Amino acid sequence: MHISQRKRLSYLNIMMFRAILLSWTLLLVIGCKKDLPFFEDATCFTNISVIDPEHGLASDQTVIIKNNKIIKVADSNSLDLSPKNNMVDGTGQYMMPGLWDAHVHFAFMEELAPSMFDLFLAYGITSVRDTGGKIDFVKSYKDKSLQNPETSPRVMIAGPLLDGMPNVYDGSDASRPPLSVGSSNIEELTKNIKDLIEKDVDLLKAYEMLTPEQFAVLNQLAQENGLKVTGHVPLSMDVITASNLGMKSMEHMRNIELSCASNSTELLEQRKNLLYDGRNDQGGILRSRIHSAQRANAIENYSEKKADEVLDALYKNQTWQIPTLALSTGFTKRPFAKAEFQESFKYLPSSVEENWKNRITQTIKQSPTEFHHQYTDWMFKMVKKINDKGIGIMAGTDCPIFYLTPGRSLHEELSVLVKAGLSPLEAIESATIRPAEYFGIEKELGNVREGMLADLLILDANPIDDINNTLKINSVIRNGNLINRAALDKLLNDLDTK
Ligand SMILES: [Zn+2]
């Protein structure tokens with residue numbers, strides 16, 4: 001054979017080999033395409049950044065939601081999906097767990113309560129913990145939520161504040177609606193607690209006029225029934241004793257200042273006398289008198305050593321804190337006076353909107369005193385100290401008290417928690433995984449993980465860069481139901497055009 005002929009032959013061989021290789025590759029690709037995963041009746045969010053409240057941000061993730069569950073979370077690069085899937089491109093978006101407001105009152109303004117579900121959802125709050133109200137009233141909201149989980153926030157309830165006598169929230173005026181049940185003795189209290197347990201409450205709330213004996217019985221009964229006790233430390237007790245008795249969380253860090261003072265023993269004795277002397281007065285008036293007489297004194301006598309002893313006990317007993325910092329520092333910081341906050345007032349019923357605006361005009365005429373500033377500084381310092389110590393913090397607002405719009409005000413709380421020294425991720429943790437842990441449902445809720453319930457928030461900006469980005473809500477997913485921006489705006493518009 002001639003050399004040039006042989007060359008041409010080998011050239012043909014190579015071309016043939018290439019053609020075969022190409023067809024095999026094509027077959028392989030086509031074959032694979034056929035097997036790309038398809039998730040029927042599911043929504044696949046691709047290339048989205050996922051915020052895990054414990055571990056931070058993971059970019060370019062694919063999250064697949066089917067019915068009310070997250071069925072897959074994976075790197076978008078590692079998961080090729082069949083084009084037949086219902087895909088949503090999440091480029092530039094951030095998915096995080098739905099938010100909790102761990103301190104709300106449906107019963108504080110009954111005329112506002114019917115608007116609260118939509119307000120919470122429109123602002124990305126997918127779960128709330130009601131910390132006090134008439135049992136039948138708050139239970140009706142819990143039941144409504146259980147019946148319509150796709151269009152309501154999850155509702156956990158304490159029932160009424162369990163108080164001693166004279167009880168504080170006795171319904172004597174608008175600032176003290178009948179949120180509490182007062183018990184004169186242990187038998188009465190036991191009966192009241194048993195009634196609540198029968199009505200399936202999720203926790204119990206202790207209040208300031210309970211005697212130490214009543215408080216001990218409350219904690220005992222709660223433990224026997226697997227319920228947590230939250231509340232205000234009773235005025236007749238110190239914080240360490242209350243925590244040692246099993247109190248699992250404290251609201252507003254109320255009365256903690258008294259136990260952190262160098263003269264705490266004297267203050268407690270004085271308080272017991274004031275309680276005795278005022279035993280026939282109205283509860284709310286008596287409580288205000290005691291706070292006015294003692295709080296400034298306690299703050300002035302703040303002792304680092306005493307505070308460390310208190311925090312050691314809280315840490316040892318895992319007694320968590322719900323500082324309601326926006327509320328507690330509201331008189332000096334005045335979030336309600338800001339135009340962007342007042343924007344949310346138009347979604348309130350007209351009577352409430354008008355009432356708040358009028359009262360705010362009066363409130364802002366009163367300047368904060370030296371004491372108000374000291375108390376604000378103390379709250380900020382203590383929140384940081386509690387967080388540094390590793391004591392659990394939950395974000396809660398106390399809405400709708402003190403002009404705090406349901407939903408909108410939780411974002412204010414997150415913002416002030418960061419100002420007090422929490423990282424944005426810790427603030428997010430306090431409104432997601434922490435409340436889920438508190439109720440023992442952290443395997444189902446509070447994170448973006450496979451197998452968890454799809455209560456989620458999709459944001460247009462990164463909340464780890466700036467906590468205020470939790471307000472840049474693109475969509476809310478509640479129990480698997482996607483409520484996009486247009487639908488959220490419709491919820492708000494319907495409230496506005498009431
Ligand atoms: Zn409250």
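What follows is a conversation about a predicted model of a protein chain with a zinc ion.

Colleague: What makes H103, H105 and D398 the protein donors of the zinc ion?

Modeller: The donor atoms, NE2 of H103, NE2 of H105 and OD of D398, lie 2.0 to 2.2 Å from the zinc ion, and because a donor is an N, O or S atom within 2.8 Å of such a metal, these atoms count as donors.

Colleague: Why is H103 called buried, and why D398?

Modeller: Buried means under 20% relative accessible area, so H103, at 0%, counts as buried, and D398, at 6%, is therefore buried as well.

Colleague: How do you know which parts of the chain have the lowest and highest confidence?

Modeller: The mean pLDDT is lowest in helix α1 (residues 3-35), at 55, and highest in strand β7 (residues 125-130), at 99, while the protein chain averages 94. Over residues 26-32 pLDDT stays under 50, and the model has zero contacts there beyond four places in sequence. Where pLDDT is low, the predicted coordinates should not be read in detail.

Colleague: What lines the largest pocket?

Modeller: The largest pocket, with a volume of about 1400 Å³, is lined by 45 residues, and R254, R287, L327, I401 and F402 lie nearest its centre. Helix α9 gives the most to this lining, with seven residues, and the lining divides into 18 nonpolar, 18 polar and nine charged residues.

Methods
Residues are numbered from 1 along each chain as its sequence is written. This is a predicted model: local features need pLDDT of at least 70, side-chain atom pairs count only at pLDDT 80 or more; totals for chains, interfaces and linings use all residues. Side-chain values use heavy atoms; hydrogens and water are left out. Donors are N, O and S atoms within 2.8 Å of the metal (3.2 Å for Na, K and Ca); water is not among the atoms, so sites may look incomplete. Buried means under 20% relative accessible area, exposed over 50%, partly exposed in between (1.4 Å probe, protein chains only). pLDDT is the predictor's confidence in each residue, from 0 to 100. Helices (H or I, at least four residues) and strands (E, at least two) are DSSP runs, numbered from the N terminus. Contact means heavy atoms within 4.5 Å. On a 1 Å grid over the protein atoms alone, a cavity is a set of points where a 1.4 Å probe fits but cannot get out, and a pocket is an open set with protein on both sides within 12 Å along at least five of seven lines; lining residues have an atom within 4 Å of a point. Grid points are joined across faces, edges and corners, and a volume is the space filled by probe spheres set on the points. Ala, Val, Leu, Ile, Met, Phe, Trp, Tyr, Cys and Pro count as nonpolar, Asp, Glu, Lys and Arg as charged, and the others, Gly among them, as polar.
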